Amino acid sequence: MIAVAIVAAVAAAMSNSLAAYFQQSADKRLDTGDSVPLRKVPVLIREPRWLLGQAFDISAFVCQAVALAFGALVFVEPMLVLSLPITVMVRSWSARRRLPGRVGVVGSTLAVLGISVFLGVGRPTSGGATIDLGEALELAVAVAVVLGIVLGWGRTASGNARAVAFALGAGTVYGVTAGLTKVVTGELQHGGVLAALGHWPLYAGIAAGVTGVWLTQNALKPGALAAPVAAITLTDPLVAIAIGLVWLGESVTASAWAVAVQILAVLAMVVGVVILAHQPEAASAPTGEEDDSGSGDAGEGSAHAGAAH
């Protein structure tokens with residue numbers, strides 16, 4: 001069954017990347033500005049690219065839920081880092097390039113190698129997959145503090161800094177959503193639909209997911225694609241891993257050498273993601289003109305890539 005978790009997690013990473021790409025492409029076509037107030041939602045709904053992005057968001061959630069049903073949170077979530085190398089490939093394709101440059105290859109290699117070593121050495125195991133109300137309160141307070149800091153920064157920032165601030169908030173919320181999804185899938189497996197409907201994690205997970213979509217939409221507004229995607233890509237699994245280890249009773253190999261290797265693996269993932277966020281081919285989503293004519297300026301990304309999360 002672990003193969004199902006791996007395939008579903010990779011599919012979720014692909015869907016996440018495509019969702020971000022199409023959502024920002026729609027935003028640039030409509031020129032909705034730096035934020036997405038509720039009054040602009042009807043405009044977005046009429047844009048096919050935005051709807052396609054939402055469809056990929058739903059696909060990502062379903063695939064992630066399937067992966068979490070068959071694998072530990074600490075096992076599944078690091079694989080979502082693959083969404084950024086996929087974003088690089090999508091960006092190369094949109095700019096009519098067959099392959100990303102050397103920087104993209106190096107960053108992708110580090111990210112994938114880091115994931116592989118972390119999972120291979122850590123050998124994550126599932127825990128109880130339950131959170132009581134006391135633990136939920138602790139988690140809620142921790143998340144509220146993080147969101148207060150990053151969104152407070154985002155309200156006063158602009159451009160890429162604002163994008164990264166909202167992306168950090170989105171990644172945090174998505175990490176919590178993943179933890180709650182793990183709890184809900186456990187309830188579905190052991191108690192059926194009625195068990196899930198009768199407990200709070202399902203409704204908290206829905207609220208967190210909707211909040212994450214809104215934060216992501218605002219994170220993608222200023223124009224850079226790789227910087228906010230990188231922020232979400234790193235924050236989501238790191239928050240989810242913390243929830244799995246601290247609140248869900250999951251575990252990884254804890255010998256001194258294994259912990260040291262896992263830390264190095266995580267650092268490799270971080271470095272790989274940062275490299276990918278700085279490479280020009282991944283730094284910006286296409287404008288409508290690029291999509292239609294294939295003549296977008298490939299050097300544009302260098303102006304946006306400096307604020308990678």
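1. Buried residues of helix α9. In this predicted model, the buried positions of α9 are P201, G205, A208, G209, G212, L215, T216, Q217, N218 and A219. An α-helix has 3.6 residues a turn, so residues three or four places apart point the same way.

2. Length of helix α9. The helix covers residues 200-219, and its 20 residues should span 28 Å at 1.5 Å a residue. The C-alpha atoms at its ends are 28 Å apart, in agreement with that expectation.

3. The nonpolar core. The largest nonpolar core has 64 residues, and the members touching the most others are L73, F75, I115, F118, V176 and I243. Leaving aside residues up to four places away in sequence, V176 is in contact with L139, V143, V239 and I243. In soluble globular proteins, nonpolar side chains tend to be buried together.

4. T233 in helix α10. T233 belongs to α10, which comprises residues 226-246. Its relative accessibility is 5%, and T233 therefore counts as buried, the cut-off being under 20%. The side chain of T233 makes a polar contact of 3.2 Å with the side chain of S83.

5. V66 in helix α3. V66 is part of α3, residues 48-70. Because its relative accessibility is 33%, V66 is classed as partly exposed, between the limits of 20% and 50%. With residues up to four places away in sequence excluded, V66 touches V4 and A8. The C-alpha atoms of V66 and K182 are 9.5 Å apart, although 116 residues separate the two in sequence.

Key. Residues are numbered from 1 along each chain as its sequence is written. This is a predicted model: local features need pLDDT of at least 70, side-chain atom pairs count only at pLDDT 80 or more; totals for chains, interfaces and linings use all residues. Side-chain values use heavy atoms; hydrogens and water are left out. Helices (H or I, at least four residues) and strands (E, at least two) are DSSP runs, numbered from the N terminus. Buried means under 20% relative accessible area, exposed over 50%, partly exposed in between (1.4 Å probe, protein chains only). Contact means heavy atoms within 4.5 Å. A polar contact is a pair of N or O atoms within 3.5 Å; within protein, one must be able to donate a hydrogen and the other to accept it, and residues adjacent in sequence count only if both atoms are side-chain atoms. The expected span of a helix is 1.5 Å times one less than its number of residues. A nonpolar core is a set of buried Ala, Val, Leu, Ile, Met, Phe, Trp, Tyr and Cys residues joined through side-chain atoms within 4.5 Å.
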